[in-house]
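Biologist: I'd like to learn how to read a model like this one. Could you take me through a few features?

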Amino acid sequence: MIDGVLVVNELVDFVKKSKRECLTFKVDFVKAYDSVDWSFLEYMLHHVGFCEKWVRWMKAYVFGGTMSILINGSPMEEINIQRGLKQGDPLAPFLFLLVAEGFSGLMRDVVNLDLFEGFRFRTDGIVVSHLQYADDTLCTGKPTTENLWTLKALLRGFEMASGLKVNFHKSCLIGVNVERDFMEMACEFLNCGEGALPFKYLGLPVGANRGRTTMWQPLLDLLNRKLNNWGNKFISLGGRIVLLNSVLNSIPIFYLSFLKIPSTVWRKIVKIQREFL
C-alpha cells in the first residue's frame, strides 16, 4: 500500500524537477464491491490458474443468495442477488483483487501495443502507466489525445466486462506542467473535474511540501475532532490515558509510515494530548 504512494510521489517530484509533462487520472468506481459481475469473476479465477474444484467452491459460496427490504419492520418479497461481493466477508477483498487485476492486464496490453504511452522516467527507464490498490486507481501517462481516447475506451470496455462503472463526475484529472488549453479539453472529453497538486492517494498527500505545517493540518484537525466528540468532563484520568495511548497515538502512525514529521507539528500534537489529559 505504501509502495504505491511512494511511487506516485517520486513520479510527481521527478516531473516537477525535470519540467516534463505528465497527466494523471484518478479513477472513482461506483459502489465497487456491489457492482462486480460474477461471470467476470469466474473468468478471472480461471485466467489466473485456479483449478475447477476451487472455482466451483467460489461459485457455491459467492454466486447466489437472496435479500429482503424491511419497510416499517415488515420484510418485503425476497430479491435474488445477481452481482456483487458481500461487504464484511473476509474473502471479498481477495476476490475483488482478482477482478481489479483485469484492469491491470488491460493496461499492460495497451502499453505493450503502443496504444497508451505511460510516463517513462528516462529513455530506457521504467514506464509507469497505472497504480492500483483495490479500487483506488491512478492512470498516468503523457498528455496526448491518443492516450485520452485509449483510456476512455478501456474504462468503458472494462465497465461492460466487469460491471465496475466509473463515476467520471467524481474522478479527476491532474496535470503537471500541462498546458491550460489541453487540460480544459481533456476534462471536457472525459467529463470529469480537474484536480490539482497536492492530492490524496490512499489517504496520504501526493505532491505536497512535507516540511510545511499546512500539509499536516488535516491530521491536527482530525485529532481535535476526536477530542471534541469525546469530551473529558465525565472521563476518569485512567480513561483519558487509555484513549491517548490506544487512539490518539495510533492516528498519526499511518502518516509517519511515509512522512517525517516536522518538530513544530510534533509539538502541536503533544500539546493537544496534554490539554486533553
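Biologist: In which sense do β8 and β9 pair, and over how many bridges?

Modeller: Keep in mind that this is a predicted model. β8 and β9 run antiparallel to each other, paired over 4 bridges. Across that pairing, Gln132 sits opposite Thr137 of β9.

Biologist: Which residue has a positive phi in the hairpin of β8 and β9?

Modeller: That's Ala134, with phi near 55 degrees; the hairpin has 2 residues between the strands. Another positive phi, near 60 degrees, belongs to Asp114, which follows α4.

Biologist: How should I read a helix, then?

Modeller: Start with the general idea: an α-helix has 3.6 residues a turn, so residues three or four places apart point the same way. Now take α4, residues 92-112: its 21 residues reach 31 Å from first C-alpha to last, close to the expected 30 Å.

Biologist: Which residues of α4 are buried?

Modeller: Quite a list; among them are Leu95, Phe96, Leu98, Val99, Phe103, Met107 and Val110. The cover over the buried residues of α4 includes helices α2, α3 and α5, along with strands β8 and β9.

Key
Residues are numbered from 1 along each chain as its sequence is written. This is a predicted model: local features need pLDDT of at least 70, side-chain atom pairs count only at pLDDT 80 or more; totals for chains, interfaces and linings use all residues. Side-chain values use heavy atoms; hydrogens and water are left out. The expected span of a helix is 1.5 Å times one less than its number of residues. Buried means under 20% relative accessible area, exposed over 50%, partly exposed in between (1.4 Å probe, protein chains only). Contact means heavy atoms within 4.5 Å. Two strands pair if DSSP finds at least two bridges between them.
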